[in-house]
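Q: Could you take a close look with me at the place where two chains meet?
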Amino acid sequence: MNGPVKRRDFLKMMGVSGVGGTLAGCDLPSTVTLEEGKEDVVSYFMPEEYVIPGVGVWFASTCLQCDAGCGIHGRVREGRFLKVEGNPDSPINKGKTCQMGQAGVQSHYNPDRITQPMMREGGKLIAVSWEQANSALKQKLSNAGKKIGWFTGTISGHQSALITNYLDAVDASTESHFTHDVVNAAVWQAVNKDMLGDSMPELHMDKAALILSFGADFLGTWVSPVHFAGKWGEFRSAEAGAGRGTLIQVESKMTLTGGNADLWVPAKSGSEGAIALGLVNYVIKNSPNAGNNISSEQQNLISSYSLEKVAQIAGTSQDYIKRIGDALIKRSPSLVLAGASVEGHEHGYDAVAAIMLLNIVLGNVGKTIQPSNATPFPQLQAKPGNTRDLIEFTNAAKSKKFDVVFFSGSNPVFTAPDSLGLKDALGNVGFKVAVSTFPDETTMQADLVLPLSSYAEDWGTHVPAYQEDRNIVAVQQPLMNNLYSDTKGLGDILLDLLKDKKPDEYGSYKDYYAYLQDAIKTLRGSSSIKEPEAGDLQFWNKTLKTGLIDVADQKNTFASTISTENVTIKLPEEKTDSAYPYQLAPVARLGLYDGRHANLPWLQESPDQISKVVWDSWAEMHPNTAKKIGVSHGDLIEVASENGSIKLKAYIIKGVHPDTIAIPLGQGHEEFGRYAKGLGVNPLKILTARTDSKTGELAMYATRVKVTALGKEDVFVRLGGNDTQVGRKFVRTIPVEVLKRTEGA
Amino acid sequence: MSLSNILNNWSHYRRGAEEGGHHDYEHRWTMAINLDKCIGCNACSVACYSENNLAVVGKAKFDKGQAMHWMRIERYFDESEKEFPDSGASFLPMMCQQCGAATCEPVCPVAATYHTPDGLNAQVYNRCIGSRYCSNNCPFRVRYFNFYSYYESSWPEPLNLQLNPDITVRDKGVMEKCTFCVQRIRVAKDKAKMADRRVIDGEFTTACAQVCPTSAIVFGDTMDKDSQVAKLWKKQQVERVVTKQNKSNSELRGYRIFEELNVDPSVMYMERVRDTEI
């Protein structure tokens, strides 16, 4: 045996040569035999360091199943990562998680993970060694010069900073880093930035008496769902300051949040801006307290929106709109939100601005909408994923701007509409490198695949885009050793690239762990850390123990006069198209999300919250619509847009606007492992690539479709058979008056 | 509790719930679920899969009703002729109610399902012969039968490394169900015993209650009068054993599902609320 002898090897050798007997007092379990070269025989009498057989320990880290940045505790026993719990110290999720967070262990132990580097040879991906992969990459990179790009999902922290530094090192512009996510709040953020001067203000739901949400699924997929669900618990509590809060949800398809509304109002997607203006008009006329900081030009515009007119635009009853108006006047403070179905139109920005105007008129700004904390480390700040970057990247690729592009944490080949032409554009990228954990659609298109560690094996820092109350940098640490020896962390891969370009600056770091330790030392040295501890080591230990770094509060300020002047709100007349009579609503769902979790069996078998369907795709339509088309529940239909068609089953449900066909995201994978591949359809594929006129974001809800019945199919696989309780009282409901009498809500 | 003990002391075990049942209870593990806070998000259900080694059965077997979701969320819409469900949906987390007078227990031919001194309906897996009588007799439909072995189909390597070593993986022919995370109860009780104290309220909780993003689920020991769950039951004036609650204020919103069947469920639900003034 060459080299230093490890303690365990030493003991093994002793066991073999029979000197084990010298370990007097240790009971050797008779069933355990120590044989040389048999790694799996481990005696419990001398376990690994830090491992006490049978005792689980928890390590703090950060969940990467979505981009909210929840703190987690990973349960580790005998060196295995077994369970995710929320980290009670984290201000994001306060000890809770969602189902996607729970399923993190299945991401980590997924049987379809990529375990070694692969390179395309003769049209096929062939397994290669890291040496081969690195030398091929090095050559391509040196030929590419500065024609190098990075394509990621939402990213923050030191990994993001390293990408910036790398692009800088090769003289590429920072615009060569594209961040893409289908589920985002990019238009809402742009409006916040322009009107309030703060793109991600704090939303104090617990202080609100009424929440009016236009399609914002804040309990499911919007911005920071676990955080808002925690706030929801307080909002719904009779003991809360404003009493039990009331939710009104206006949307074209009932989301999880809509399912929890006191009043759920069906409205066509795209009409929300008009409804908001109608409500502004109604509130100004009927409430003496309404703020009146509206320009005369806007006043003129608004006065043309009567309740009757907006009800007609929205395709809903005027009574609903009036009830919303009266509730807004009576219940204060309120909070008005705008989600994906508002943003997803060519006039998305204007519609969100109209909704923000309603907040301003109601006096919510400063009460339920408050300035956020600025992070003192701008280079670590989140780069939120959006769809504009997807379009820009496609255009750049079409014009052959890149010779080498790295893809990581995003799956554009799956999420891009066919009409965008991304697949063809990718043909113009000389060398595509996928830094990936799973063989998803984008990875399978790549020329070189670098196997990425799972989030439970990697180091990192993350700055959650939405933060409230406290200002933190979330820290990710490995919860166990690499399952596969050939996988590498994102930070390590980036560091290797940088070492090549800037050996003076990065050469001294052995690995990303060493880099991060040094980087956190630097953070501690800055004046922005709340409790910097006595020394670097103490600070590092505390950081790992709590899983986060507390950063000093540094409140942004809203623009001194909340301006509505620079916002022109132009809402177009609704377009009707007799060839394509229905609106397509591609809705994200808590669970499979945008499709990134379709390979996790727990989430496939976890029923959709509203339809209760498992392992499938479906198209939700209203009974009236179904009658018109002539389909019944479970029938096979074809949903066709100008840009393609998909076949799936019809799900007849009243919680959808009669002009809308709602298809959930997540399924329809052509790759992505045994659990995802070949299941259901992907509605994103048939979207028409229109964009919001102000932000350039993809207008996701602007596609119109027609529906053709294809005849009978089999029934849905779903939880439960009845949509009602059939007279039984399992869930009993009381009106809020009763709660007021009993619990003083 | 051995089989011979049951046979010799049968009359003792036939004592009705109203007589205090057949136990001098050590703990009464109990839940309170606030249906106005529950958002139906499914986090509890998936947390249960993770904690309790629940098998994923796949689409075809799910269709046959063979899914193993110990904790499931049922979704209902109001019965109404209205064009739209404008008061939203109703969500009901449903799992074993750990009945004090459980209908599953007396029908087991081999005493595989029995009552613990903690008030739980326990299932002895290696005693179970798979008659499925208990499942037939459960009004809540929360007992799940292993029609197949799922070792390979549900946990292909390396997914098997995720399995919780604190509990078993059940094999074909065995009935299983929610245990109120008995492995966590076990650890907490052992710890308390070592320190010569009672279990402290909040020192542990079930996987579903721990994960619940809105804190709709509260778990604890109602024999500890200061526990959060005991206080909630008291506040809602919900009593055990009775088939009809006798509340001084009939508007209080705590209730137990199927208590009229005299099964004495250990789970109290609190009514969903809707604002009808808007």
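Which side chains meet B:R253 and A:E743 in, and at what N to O distance?

A: Happy to. This is a predicted model, where local features need pLDDT of at least 70, side-chain atom pairs count only at pLDDT 80 or more, and totals for chains, interfaces and linings use all residues. Residues are numbered from 1 along each chain as its sequence is written, chains are lettered from A and ligands numbered from 1 in the order written, and side-chain values use heavy atoms, leaving out hydrogens and water.

The side chains of B:R253 and A:E743 form a salt bridge at 2.9 Å, N to O (a side-chain nitrogen of Lys or Arg within 4 Å of a carboxyl oxygen of Asp or Glu). Across the interface of chain A and chain B, the rule finds 11 salt bridges. Helix α25 of chain A, residues 736-743, gives the most to the side that touches chain B, with eight residues (helices are DSSP runs of H or I, at least four residues, and strands runs of E, at least two, numbered from the N terminus).

Strand β26 of chain A (733-735) pairs with β11 of chain B (272-274) in the parallel sense over three bridges; pairing needs at least two DSSP bridges. There, A:I734 has B:V273 as its bridge partner.

As for the whole contact (heavy atoms within 4.5 Å), chain A brings 97 residues and chain B 85. About 7600 Å² is buried between them, 56% of it from carbon and sulfur atoms; this is the accessible area (1.4 Å probe) that two parts lose on being put together, summed over both. In chain A, A:W602, A:E605 and A:F730 lose the most area to chain B, together 10% of what that side buries.
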